[in-house]
Amino acid sequence: MSGTWTLFVSIMTKLFVVAFLLLHTSASSSSSSSSSPGAAGMLKQLFQYIDDHQNQFVQRLREWVAVQSDSGDHTKWGEVERILNMTAVRIQEMGGTVDFADVGTHQLPSGETVPLPPVILAEFEKDPKKATLCIYGHVDVQPAKMVDGWTTDPFNLTEIKGNLYGRGATDNKGPVLAWLHAVESYQATEKEIPVNIKLIIEGLEEVGSYGLLELTRKINDSFFADVDFIVISDNVWATRNPALTYGTRGSSYFFVEVDGPKLDFHSGVYGGSIQEPMSDLIALLGSLLDHTGKILVPGVTDDVAPLTEDERKLYDNISFDLEEMKSVAGVKHFLQDTKEKVLMARWRNPSLSIHGIQGAFSEPGTKTVIPKQVTGKFSIRQVPNMDPPDVERKVKEHLQQVFSTLKSPNRLRVTATVGAKPWVANLKNPQYVAGQRAVREVFGVDPELIREGSTIPIAQNFQEETGKSVMMLPIGGHDDGEHSQNEKISRYNYIEGTKLFAAYIYELSLVK
């Protein structure tokens, strides 16, 4: 009898221990994940509100797209200020406070000095016990005209087959509005916003964010003092799948000016008797890279960070379809023959692109002119561990050396601008953990971890100057055509992206 009783006690003890462990594991899981019934119910209500108000959100985007806030044309800076004011009014209507930060003046090529559009510094009611998220965005746009090849009026948001066409729809008015709508979804459903929200919105991103770096340094000990995380949504997915972006390339822009005779000449009179500036310039530009895309400037690529095995593995899970991308780009083939090589060429390797020639005859028809002065324009996209001043020095030395071999009586001048550094984030940062959870919550898949081939200087500037965690959380589609004709954002990405931002705000509140 005593043996049976001992066996019974032993079995019951083991069952109790197992039950305790199961309950403890369940409780721990609930406290660290959004899978708890309460959290799921809250997010469901937020998502329902967003679905129910999507037409209103599209109409608001239509109103913003109608503002021709082309920052590349200083005569339209009044429109830039108008969209900044519209943004400020919307934030204030939601209960936020707004300050317009002065970022100084800018000297135009004519020598005239003009005031720069201000930068919005905004925040909603804060709780010192909560983490603080700062959202960056911009509301200026690239130039756009019907004659450029647009199918629809670029400043009249037009919906065709689920796509919302208009300049700024994806870059960056749509994402800025999506962030505001995500905050609105909490307010309208009477849910407590689980993190403090700040915003920094500018109107000069497309021309290099004049004054923003200096402003960042100035307000580092005030506006940024209590910020824990900075998020940027100013790029797009690489494929049809949602993504988190952990790196961008830097950029330096060069002007190669060749100055020759005092006047433009008739080619029938002087052709063959003088060394033409255009011929010199073509020789100089032709010395920069070969037909495979390899940069020929000595030493420029020497400092490129080597590819690690961990980084290489990140490319395996990206569903990049070469044939589809050839179709989207309208090309027969890429310079590389595998998915991984193409993506590395676009994201983690440097590239050089020639953009145009100023001073040359480019109108329709014929004109037999020898231009007296021409300026070639090109840029180099830079990656870790390249340094813009070092790249600039090597480019100038190379062009001077090539020019000397031409024995030309013309004059060469090489100048550089931009000089933005590349940016790479730590994928183990809590922001990326929250971002991955939010993507799974909304889209039901793991995000692709990608880099961006373009340059977004503010990411590196924020990270370097503030020391805060920076993440890029895109909602634009891979075929949105930012900076191109027929820029668009799909209604799906716009609305589901708003849900993603709402879920991210919640998930961020859970991370340590």
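This presentation goes through a predicted model of one protein chain, from its overall dimensions to selected local features.

Good morning, colleagues. I shall begin with the chain as a whole. The chain has 512 residues, of which 49% count as buried. Its secondary structure comes to 15 helices and 20 strands. The C-alpha trace spans about 120 × 55 × 50 Å along its principal axes. Among contacts with a separation of 6 or more, 80% are between residues 24 or more positions apart.

A word on confidence is in order. The mean pLDDT of the chain is 91, and 93% of the residues reach 70 or more. Over residues 1-33, however, the pLDDT is below 50, and this stretch has five contacts in the model beyond near neighbours in sequence.

Let me turn to helix α12. The buried residues of α12 are Pro 388, Asp 390, Val 391, Lys 394, Val 395, His 398, Leu 399, Val 402 and Phe 403. As a general point, an α-helix has 3.6 residues a turn, so residues three or four places apart point the same way. In this list, Val 391, Lys 394, Val 395, His 398, Leu 399 and Val 402 are among the buried positions. Which elements do the buried residues of α12 pack against? They pack against β11 (250-259), α8 (277-286), β15 (373-382) and β16 (411-420). After the helix comes Lys 407, with a positive phi near 55 degrees.

With a relative accessible area of 18%, Glu 257 is buried, the cut-off being under 20%. Its side chain is joined to that of Gln 373 by a polar contact of 3.4 Å. Leaving aside neighbours within four places in sequence, Glu 257 is in contact with Gln 373, Val 374, Thr 375, Arg 411, Leu 412 and Arg 413.

I move on to the aromatic residues. How many aromatic pairs does a search of the whole structure find? The search finds eleven. One of them, Tyr 136 with Phe 462, is edge-to-face, at 5.8 Å centre to centre and with 75 degrees between the planes. Tyr 136 lies in strand β5 (residues 132-138) and Phe 462 in helix α14 (residues 457-466), so the pair ties together parts that are 326 residues apart in sequence. Both partners count as buried: Tyr 136 at 2% relative accessibility, and Phe 462 at 0%. A second pair, Tyr 253 and Phe 255, is tilted, with 5.3 Å centre to centre and 50 degrees between the planes. Here Tyr 253 is partly exposed, at 23% relative accessible area, and Phe 255 counts as partly exposed at 26%.

Tyr 136 and Phe 462 also belong to one aromatic cluster with Phe 223 and Phe 224. Lys 198 lies over the face of Phe 223, at 4.6 Å from the ring centre.

Helix α14 itself has as its buried residues Ile 458, Ala 459, Gln 460, Phe 462 and Thr 466. These pack against β5, β8 (196-202), α6 (212-218), β9 (229-232), β17 (423-424) and β19 (469-472). The helix is followed by Gly 467, whose phi is positive, near 75 degrees.

Finally, I come to the backbone. Most residues other than glycine have a negative phi, and most peptide bonds are trans.

Two non-glycine residues with positive phi may be set side by side. Glu 190 has a phi near 60 degrees and is found in the loop between α5 and β8. Ser 209 has a phi near 55 degrees and is found in the loop between β8 and α6. Glu 190 counts as exposed, at 75% relative accessibility, whereas Ser 209 is buried, at 14%.

Thank you for your attention.

Conventions. Residues are numbered from 1 along each chain as its sequence is written. Side-chain values use heavy atoms; hydrogens and water are left out. Buried means under 20% relative accessible area, exposed over 50%, partly exposed in between (1.4 Å probe, protein chains only). Helices (H or I, at least four residues) and strands (E, at least two) are DSSP runs, numbered from the N terminus. Contact means heavy atoms within 4.5 Å. Rings of Phe, Tyr and Trp (its six-membered ring) pair if their centres lie within 6.5 Å; planes under 30 degrees apart count as stacked, over 60 as edge-to-face and the rest as tilted. A charge sits over a ring if NZ of Lys or CZ of Arg is within 6 Å of the ring centre and within 35 degrees of the ring normal. A polar contact is a pair of N or O atoms within 3.5 Å; within protein, one must be able to donate a hydrogen and the other to accept it, and residues adjacent in sequence count only if both atoms are side-chain atoms. pLDDT is the predictor's confidence in each residue, from 0 to 100.
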